[in-house]
Amino acid sequence: MARLHPDTLAALPPEVARPAYDRTALQAGIVHLGVGAFQRAHLAAVNEAALHASGDRRWGIAGVSLRSPETRDALAPQSGLYTLALRDVDEAGTPRTSLQVIGCLLGVQVAPEDPAAVLARIAHPATRIVSLTVTEKGYCHDPATGALRTDHPDVQHDLMRPDAPRGTLGLLVSGLRLRHARGLPPVTLLSLDNLPSNGHLLRGLVLAFAERVDAALARWIADHCTFPCSMVDRIVPRTTDADRAQVNAALGLEDAWPVVGERFLEWVVEDDFAAGRPAWDVGGARFVADAHPFETLKLRMVNGAHSALAYLGAMAGLDTVDRAVATPALHRYLDRLMHEEIAPTLPALPGLDLDAYRRRLLDRFANPALAHRTAQIAMDGSQKLPQRLLSTVRDRLAAGASIDRLALAVAAWLHYLRGADELGRGYEIQDPLADALAEQRAAAERAAAAAGPVQADEARVAVLAGFAAVFGNDLGHDARFVCTVAAHLRTLRELGVQKTLATQG
Ligand code: CS2
């Protein structure tokens with residue numbers, strides 16, 4: 001089978017969309033850190049539409065992988081081209097896919113191989129936006145407070161080796177330093193990760209890091225670069241070999257690195273760009289003055305429900321999101337979690353029909369054509385829980401309102417940390433704080449044993465919720481929180497997920 005490549009595009013079946021602009025004329029105005037599946041199905045898809053509509057050739061994307069060379073190795077022989085496969089089912093439940101070859105990714109650099117080349121790219125005169133999808137843990141922050149973790153190995157390394165950084169913040173600050181030294185104009189730093197006030201968080205971290213390098217540089221960044229916040233939404237599971245085979249059969253060409261996602265897409269981004277921006281609105285983005293209410297909506301509803309579903313589903317041995325949400329008790333629980341406990345905490349958004357939003361979300365989760373694995377969402381819980389579930393818990397506690405369903409989701413995470421599902425299948429806890437969490441679990445077991453059988457569950461949860469990096473300094477001391485989580489953790493352990501859900505009414 002011939003490889004997908006600019007020279008083979010003409011061989012594609014007519015229904016496959018493809019770049020209709022002159023790729024060779026594109027400049028790399030966007031440097032993107034973290035060229036994972038999500039960015040290639042979200043930012044790049046919207047950017048592609050903007051390129052088609054506007055004819056503005058400044059906005060090609062130069063990709064940067066922060067760790068592995070896989071994406072570069074797969075895409076280099078394809079000159080950066082890859083296929084976006086959007087999947088859903090029709091009214092009869094038959095899966096359908098639409099295919100588009102995306103052209104705006106011009107190439108991929110692998111930071112660990114040549115960090116200086118990445119710095120040069122950030123400090124290139126054509127660069128106007130540096131965007132990021134590096135996942136929550138890529139920010140090297142304390143998840144509960146958002147503060148820079150100066151003890152983080154990447155931060156320590158990058159402060160010592162500003163010429164050869166390996167972490168997100170080191171690459172950004174050294175790249176900006178080079179820009180500043182060369183007298184180049186400022187850029188926009190655009191976080192597209194699922195973090196609360198992601199632009200403000202990134203700004204705080206970049207400035208905290210830059211302060212440690214050079215106070216004048218920190219001032220230049222603060223005064224001239226912008227950090228718009230944004231809400232991003234599209235479900236994009238990790239691509240599997242089966243996905244690749246299916247896409248290649250439909251293309252009649254070999255694409256080693258396609259990406260598969262749902263048709264749904266939302267992107268709400270603050271219109272605060274230091275050096276211009278593409279016409280992303282034609283591709284479905286919405287520019288606003290303040291993205292905060294949209295971010296809260298999305299993180300609490302979509303990601304909060306996703307994490308709750310992932311831990312309960314994974315423990316019950318349900319491997320994919322669609323299978324989990326097809327379980328009536330789990331579906332009912334998620335619906336009530338969102339309706340009763342999350343929705344009342346959300347800021348008002350004029351024109352938003354929250355009931356319709358909730359129903360559509362459950363339909364998105366039910367999409368059987370995605371096979372989104374619960375284990376994938378379950379990763380990195382320590383980095384996800386604060387903004388997905390715990391800030392909602394705090395709002396509910398402050399309002400004197402029930403946290404019963406939220407507490408079950410938190411208990412499901414704690415239960416998941418035991419490392420084996422209800423079918424006895426073991427799994428690794430993939431989390432940057434896995435070692436510290438294991439120590440905390442051991443301490444919690446000692447506390448439970450010392451407390452005796454009646455008090456054991458609360459003693460255990462009090463210690464677990466004393467893990468400040470996730471729970472802050474407050475929740476471990478909140479009797480309502482500790483008791484409610486402890487009661488759920490006990491039922492999950494003794495009765496299992498299905499019976500616990502049955503007690504949820
Ligand atoms: C998911 C998200 O993996 C996860 O943690 O909750 O990636 C989710 O699919 C996206 O945020 C949807 O926009």
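A: A residue is called buried under 20% relative accessible area, exposed over 50%, and partly exposed in between, with a 1.4 Å probe and protein chains only. This is a predicted model, in which local features need pLDDT of at least 70 and side-chain atom pairs count only at pLDDT 80 or more, while totals for chains, interfaces and linings use all residues. Residues are numbered from 1 along each chain as its sequence is written, and side-chain values use heavy atoms, with hydrogens and water left out.

Q: Is T135 buried, exposed or partly exposed, and where does T135 lie?
A: T135 has a relative accessible area of 35%, so T135 counts as partly exposed. Helices (H or I, at least four residues) and strands (E, at least two) are DSSP runs numbered from the N terminus, and T135 sits in the loop between strand 6 (129–132) and helix 5 (153–160).

Q: What is there to notice about the phi of T135?
A: Most residues other than glycine have a negative phi. T135, which is not a glycine, has a positive phi near 65°. A371 is also a residue other than glycine with a positive phi, of about 50°; A371 belongs to the loop between helix 13 (354–366) and helix 14 (374–378), and its relative accessible area of 42% makes A371 partly exposed.

Q: Which residues are around the ligand?
A: A residue is near a molecule if one of its heavy atoms lies within 4 Å of it. Around the ligand these residues are N194, V232, D233, R234, I235, K298, N303, H306, H372, I377, K384 and R388. By class, the shell holds 3 nonpolar, 4 polar and 5 charged residues, where Ala, Val, Leu, Ile, Met, Phe, Trp, Tyr, Cys and Pro count as nonpolar, Asp, Glu, Lys and Arg as charged, and the others, Gly among them, as polar.

Q: Which side chains have a polar atom at a listed distance from an oxygen atom of the ligand?
A: A polar contact is a pair of N or O atoms within 3.5 Å; within protein, one must be able to donate a hydrogen and the other to accept it, and residues adjacent in sequence count only if both atoms are side-chain atoms. In the side chain of D233, an N or O atom is 2.5 Å from an oxygen atom of the ligand, for N303 the distance is 3.0 Å, and for K384 a polar side-chain atom lies 2.8 Å from an oxygen atom of the ligand.

Q: How many residues has the largest nonpolar core?
A: A nonpolar core is a set of buried Ala, Val, Leu, Ile, Met, Phe, Trp, Tyr and Cys residues joined through side-chain atoms within 4.5 Å. The largest one has 87 residues, and those with the most contacts inside it include L312, Y333 and W413. Helix 10 gives the most to this core, with 12 residues, and since domain 1 and domain 2 both give residues to this core, the core lies between them.

Conventions
Domain bounds come from an automatic or database domain assignment.
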